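Please read them with the structure open.

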Amino acid sequence: RRTVAQMAKWQTSLVIPNAGWTSLTGLYEAGTAGTISGVDYCNGMPSVAGISVPDPPGYTQDGSFDPTGDPPLEEGGTVAELIEELGIDWEGIINHTAITPDIVIPGGTWPLFASSDYWPIIHVTGDFALPGSGQGILIVSGGSLSISGGRTWNGIVLVGRNLTSNGNNTVYGMVVTGLDAMLADDPQAWAQALGQNSVGNGNKIYQYDSCSIASATESLAGFEVLDNAWMDNWPVE
């Protein structure tokens, strides 16, 4: 046993998003049916915003389905202000100092998701088309993500640039896009130059789900060392 001016604090896997879909580059919704919602699909947590975007780039809607949540649409402020509100260490995530991925693409291969208990952390570099349904934490840096057809993702989606959605695809958990703005000298100019995410036709669902988020982040739970406190080392029998 040793005494130090530190102690350990348990980090839970609970993550509360800003919205069902937060985008630093704005969002364009063109479809006529579907859901973008901050209402907890798991029914365990209070509602969050359905969509959160800075303005500009803002939110544009041509279709007939409206976001839901509390509030349905959170629009305003600058890109830098939303970055500060998010509090995501994007540079640490893509450099693998904040999160260690289970699979890195290119190099690794897309998993089969044969077990419902398998919630990997997957980091993809460059533009990526989701090859099939899955679950866990999907990180796409230095590129955009496209989801087509009837594919489903449960958990967390973090995208450096934009997400283009077509077809009847579904995400239960949380989505944050435009994160590469955090790496730009002028995040506002970068986000506006890239343009808005595109949510096209199809009966799609993008909905906050606290249970999927908890399952996706369970492997990240651990001990965080705090200064000016006490920690004991306990012997293992």
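**Notes on the predicted model**

1. Thr-177 is found in strand β15. The model is a predicted one, and in it Thr-177 counts as buried, because its relative accessibility is 0%. Leaving aside neighbours within four places in sequence, Thr-177 is in contact with Trp-21, Thr-22, Ser-23, Leu-24, Val-159, Arg-161, Leu-163 and Asn-197.

2. On the overall make-up, the protein has four helices and 18 strands. Of its 237 residues, 46% count as buried. Among contacts with a separation of 6 or more, 59% are between residues 24 or more positions apart. The protein exposes about 11100 Å², and carbon and sulfur atoms supply 50% of that area.

3. Which residues have the most contacts inside the largest nonpolar core? They are Trp-110, Ile-122, Leu-138, Leu-145 and Trp-153, in a core of 27 residues. At least two residues of this core come from each of β5, β8 (103–105), β9 (121–125), β11 (134–141), β12 (145–147), β13 (152–159) and β15 (170–177). Strand β13 gives the most, with three residues. Apart from this core lies another, of 24 residues, including Ile-121, Ile-139, Ile-156 and Ala-181. As background, nonpolar side chains in soluble globular proteins tend to be buried together.

4. Leu-138 is worth a look in the viewer. Not counting residues up to four places away in sequence, Leu-138 touches Trp-110, Ile-122, Val-124, Leu-130, Leu-145, Trp-153, Ile-156, Val-157 and Leu-158.

5. The count of aromatic pairs comes to seven. One of them joins Trp-110 and Trp-153, with 6.0 Å centre to centre and 45° between the planes, a tilted arrangement. This pair links distant parts of the chain: Trp-110 sits in the loop between β8 and β9, Trp-153 in strand β13, and the two are 43 residues apart. Trp-153 is buried, as its relative accessible area is 0%. Ring pairs also bring Phe-113, Tyr-118 and Phe-128 into a cluster with Trp-110 and Trp-153.

6. How many disulfides does a search of the whole structure find? The search finds one, formed by Cys-42 and Cys-211, whose sulfur atoms are 1.6 Å apart.

7. The bond joining Asp-70 and Pro-71 is cis, with omega about 0°, and Pro-71 is placed in the loop between β6 (59–61) and β7 (73–75). The bond from Ile-105 to Pro-106 is also cis, with omega near 5°; Pro-106 lies in the loop between β8 and β9.

8. Most residues other than glycine have a negative phi, and most peptide bonds are trans. His-96, not a glycine, has a positive phi of about 65°. His-96 is placed in the loop between α2 (90–94) and β8 and is partly exposed, at 31% relative accessibility. Phe-113 has a positive phi near 55°. Phe-113 is in the loop between β8 and β9; its relative accessible area is 17%, under the 20% cut-off, so Phe-113 counts as buried.

Technical notes:
Residues are numbered from 1 along each chain as its sequence is written. This is a predicted model: local features need pLDDT of at least 70, side-chain atom pairs count only at pLDDT 80 or more; totals for chains, interfaces and linings use all residues. Side-chain values use heavy atoms; hydrogens and water are left out. A disulfide is a pair of cysteine sulfur atoms within 2.5 Å. A nonpolar core is a set of buried Ala, Val, Leu, Ile, Met, Phe, Trp, Tyr and Cys residues joined through side-chain atoms within 4.5 Å. Buried means under 20% relative accessible area, exposed over 50%, partly exposed in between (1.4 Å probe, protein chains only). Contact means heavy atoms within 4.5 Å. Accessible areas come from the Shrake-Rupley method with a 1.4 Å probe; for residues, only the protein chains shown count as cover. Rings of Phe, Tyr and Trp (its six-membered ring) pair if their centres lie within 6.5 Å; planes under 30 degrees apart count as stacked, over 60 as edge-to-face and the rest as tilted.
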